[in-house]
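Hi,

Here is the structure I said I'd pass on.

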Amino acid sequence: MFEYIAALDQGTTSTRFLIFDRTGRVCGSAQREHQQHCPRPGWVEHDPNEIWTRSIEVMAQGLQAARVRARDIAAIGITNQRETTLVWERRSGQPVSNAIVWQDMRVSAEVELFAAQHGPDVFRERTGLPLSTYFSSFKLRWMLENIPGLRQRALAGEVLFGTVDTFLIWHLTGGPKGGRHLTDVTNASRTQLMNLHTLDWDDEILGTLDIPRAILPEIRSSSEVFGRVQVGPLQGVPLAADLGDQHAALFGQTCFARGEAKNTYGTGCFLLMNSGETPLPSSHGLLTTVAYRLGNAPARYALEGSIAVTGAAVQWLRDRMNMIRSSAEIESLARSVPDNGGVYFVPAFAGLFAPYWDRGARGTISGLTGFAERGHLARATLEAAAFQTRDVLEAMEKDCGQRLQVLGVDGGMVENELLMQFQADILGRPVQRPLVNETTSLGAAYAAGLAVGYYYEVEELRRNHVIARQWRPSLPEADKERLYAGWQRAVRAART
């Protein structure tokens, strides 16, 4: 009888490995950061070999921390930063370049030109996505056109494309010695190359962007056995789930019913709502995406509001402005003042994502007077995450035609009590944090457990879901709307 399930969680700034018991309790974990490479303004890259090395390291360290053997683990799931684009050699496994990260903006001019020629929503009906620097499609096209000889090598079948999940699955299942070139529907849906209705690569889009189909992975469901691990400390364990990080968090929050939603507070913020078995088009600036697919069951879809910068703004205060020594210090600094003092911070470092999709927006700090101090900027930084979440939530409710009753939250920033209370206040509805906050990793592990029979149905997962903390709104309505009106003025200034 297997005792545990596990997840490899490869994120934007670090890689983690977590082991869970049947109740979803964390039994052991390990985490290692990787370097962020910014060779030019607007460019963000990762070293794929470093990510692979960190993955092997954290799996070994996690097993040791939990005092668990590989043979005690029923299955492992993968969850990952989405849209980040990699190409590597089929014969050696070596990347042809650094990975182009989802935050990277090098294709801005190309996207703008293409949008001017074809319209910003040319692919939206089929993919659920507007034209943007965010997704993998134009990143991959840039690599094919700018890395010498790469297009010829792609046509010759010498190289493979994938998002981070695909790169890890290929290496874990053997790499050059029979590694499986696979992805799942959630990650494929973020490339802007998959058709939401067929759940397969769209040949017309591939032709328009001149991307050879031969370099793309096979698309599978989110919960099935992809193969057994052949490399590293988990050899022999079934690799049985693959979900993009935000989809995994939705699954880990047990948002299995239409209208249930979660918001993850990390480098950015990502609010997803389960919209059922039919893609729900957005007319208010949101993305339509695949939520998850379990085996051969119909896919579930979601509406998503992607916010580029939330936790990254806290890191900016720490690393660039030297205002705090650690990210955790921002709460005490923000509490040193009673309110934001009229200061608003719009952290549009990479433009504004949902619901605006304004690539030209830039970060602004407004409302400064001689009265302002560090505490006001710290508070404005936290409040920006809450204001942006309201922007997205209101758009989501307009699209789906129903009011969200409660918002499930997870991610690193939800330990910040000040932020969570302000989030409830500015939304005017409760915010709930689960007992197990590692919902992204938990979702991948749950999906793997379902694939191998460790769990038999999703209702078992619902029974594991315990709310640890709830924040209820307490701000008077007039104050809530006054503050939000100030935020909207600040956004307009950032977009001019």
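This is a predicted model: local features need pLDDT of at least 70, side-chain atom pairs count only at pLDDT 80 or more; totals for chains, interfaces and linings use all residues.

Residues are numbered from 1 along each chain as its sequence is written, and side-chain values use heavy atoms, with hydrogens and water left out.

The helix pair is H12 (residues 374-400) and H16 (residues 477-494), which pack at about 95° with their axes 11 Å apart. That makes H12 roughly perpendicular to H16 (the word covers angles of 65 to 115 degrees). Helices here are DSSP runs (H or I) of at least four residues, and strands (E) at least two. On the H12 side, Ala384, Phe387, Gln388, Arg390, Asp391 and Glu394 meet Lys480, Glu481, Leu483, Tyr484 and Trp487 of H16; contact means heavy atoms within 4.5 Å. By class, that contact has five nonpolar, one polar and five charged residues.

Now the backbone. Ala354 and Pro355 are joined by a cis peptide bond, with omega about -5°. You'll find Pro355 in the loop between strands E19 (344-346) and E20 (364-366).

Asp210 is not a glycine, yet has a positive phi of about 60°. It sits in the loop between helix H8 (203-209) and strand E12 (218-220), and at 43% relative accessibility Asp210 counts as partly exposed (between 20% and 50%, with a 1.4 Å probe and protein chains only). Asn322 also has a positive phi, about 55°, and is exposed at 61% (exposed is over 50%).

Cheers

Notes: Axes are lines fitted to C-alpha atoms, for helices over the stretch in contact, and angles run from 0 to 180 degrees between N-to-C directions. Angles under 35 degrees count as roughly parallel, over 145 as roughly antiparallel, 65 to 115 as roughly perpendicular and the rest as oblique. Ala, Val, Leu, Ile, Met, Phe, Trp, Tyr, Cys and Pro count as nonpolar, Asp, Glu, Lys and Arg as charged, and the others, Gly among them, as polar.
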